[in-house]
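Open the model in a viewer that can select by residue number and draw distances. The stops below say what to select next and what is there.

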Amino acid sequence: MRLRYPLAAALGVLVIGGGIALGRGLLAEPVATANASTVAASVTPSGTAASTPAAVVPGLAPFVGTWRVHGAELTVKPDGTATERIQLGPCRGISVPVRCTAEATLKVDLSPGAPHLIYTGFRYTGDDGATVVPDSLEGLPRVGDGYRVRLFAPGVLELIPLTEHLRQILGSPYRCNAAADEYAHQRLCNA
């Protein structure tokens, strides 16, 4: 017997077979499935939920943490993002006593081999937390500016500017964390 429409016949077999499989699946006994939130939060022997540390981007572990220099604090997170708070002092002129803090967001780029931090955004706030517009942004980092990052000494991070703009305005290139010795805190980071 020769089929007049072989493609239509094949399609019909697939549809009927799929319907039978679907029917069997619906009539079968239900299988217990785990809720994603149940799987994510394990329980410790004491019965409290265990906190699961965030996965660290490969190659980033030595740089994760909070690093300080006089007037600034850089926090590198395990997910490859970073934030920086920079105390700017008065930012609305001498006659208007408004002190500003720059809150920057950065991304970590590991593709060139050595970690790079690139500024992605800024927000300027006054002492009260309200957004402020500084009189001038001259002498401040800009979106797209960045640093190559390397460990200079135990507990000491060195920022090497990637742009001429940052080379002109960078103060101390060092940032210290809690593991830095007293000399590094006083002489390199002035913290």
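**Stop 1: the largest pocket**

Select strand E3, which gives the most to the lining of the largest pocket, with 3 residues. This is a predicted model, in which local features need pLDDT of at least 70 and side-chain atom pairs count only at pLDDT 80 or more, while totals for chains, interfaces and linings use all residues. Residues are numbered from 1 along each chain as its sequence is written, and side-chain values use heavy atoms, with hydrogens and water left out. Helices (H or I, at least four residues) and strands (E, at least two) are DSSP runs, numbered from the N terminus.

The volume of the largest pocket is about 310 Å³. Of the 18 residues lining this pocket, Ile86, Ile169, Leu170, Gly171 and Arg175 are the closest to its centre. The elements giving two or more residues to the lining are strand E3 (81-90) and H3. On a 1 Å grid over the protein atoms alone, a pocket is an open set of points with protein on both sides within 12 Å along at least five of seven lines, and a cavity is a set where a 1.4 Å probe fits but cannot get out; lining residues have an atom within 4 Å of a point. Grid points are joined across faces, edges and corners, and a volume is the space filled by probe spheres set on the points.

**Stop 2**

Now select Arg175, in strand E8. A salt bridge is a side-chain nitrogen of Lys or Arg within 4 Å of a carboxyl oxygen of Asp or Glu. For charge, Lys and Arg count as positive and Asp and Glu as negative; His and the chain ends are not counted.

The side chain of Arg175 does reach the backbone oxygen of Ser172, at 2.7 Å. Select Ser172 in the loop between helix H3 (164-169) and strand E8 (174-176). A polar atom of the Ser172 side chain lies 3.2 Å from the backbone nitrogen of Tyr174. Ser172 counts as partly exposed because its relative accessibility is 25%.

**Stop 2: a salt-bridge network**

Select Arg85, Glu103 and Arg123, which are linked in a network of salt bridges. The Arg85 and Glu103 side chains meet at 2.9 Å, N to O. This pair joins distant parts of the chain, with Arg85 in strand E3 and Glu103 in strand E4 (residues 99-109), 18 residues apart. Between Glu103 and Arg123, the closest N and O atoms are 3.4 Å apart. Glu103 lies in strand E4 and Arg123 in strand E5, so this pair ties together parts 20 residues apart in sequence.

Elsewhere, Glu158 and Arg150 form a salt bridge at 2.6 Å, N to O. Glu158 is buried, at 13% relative accessible area, whereas Arg150 is partly exposed at 34%. The count comes to 6 salt bridges.

**Stop 3: Asp145**

Select Asp145 in the loop between strand E5 (116-125) and strand E6 (146-153). Asp145 is buried and has no salt bridge, the nearest side chain of opposite charge being Arg142, 4.4 Å away. The Asp145 side chain makes a polar contact with the side chain of His165 at 2.7 Å. A polar contact is a pair of N or O atoms within 3.5 Å; within protein, one must be able to donate a hydrogen and the other to accept it, and residues adjacent in sequence count only if both atoms are side-chain atoms.

Note on methods. Buried < 20%, exposed > 50% of the residue type's maximum accessible area, 1.4 Å probe, protein only.
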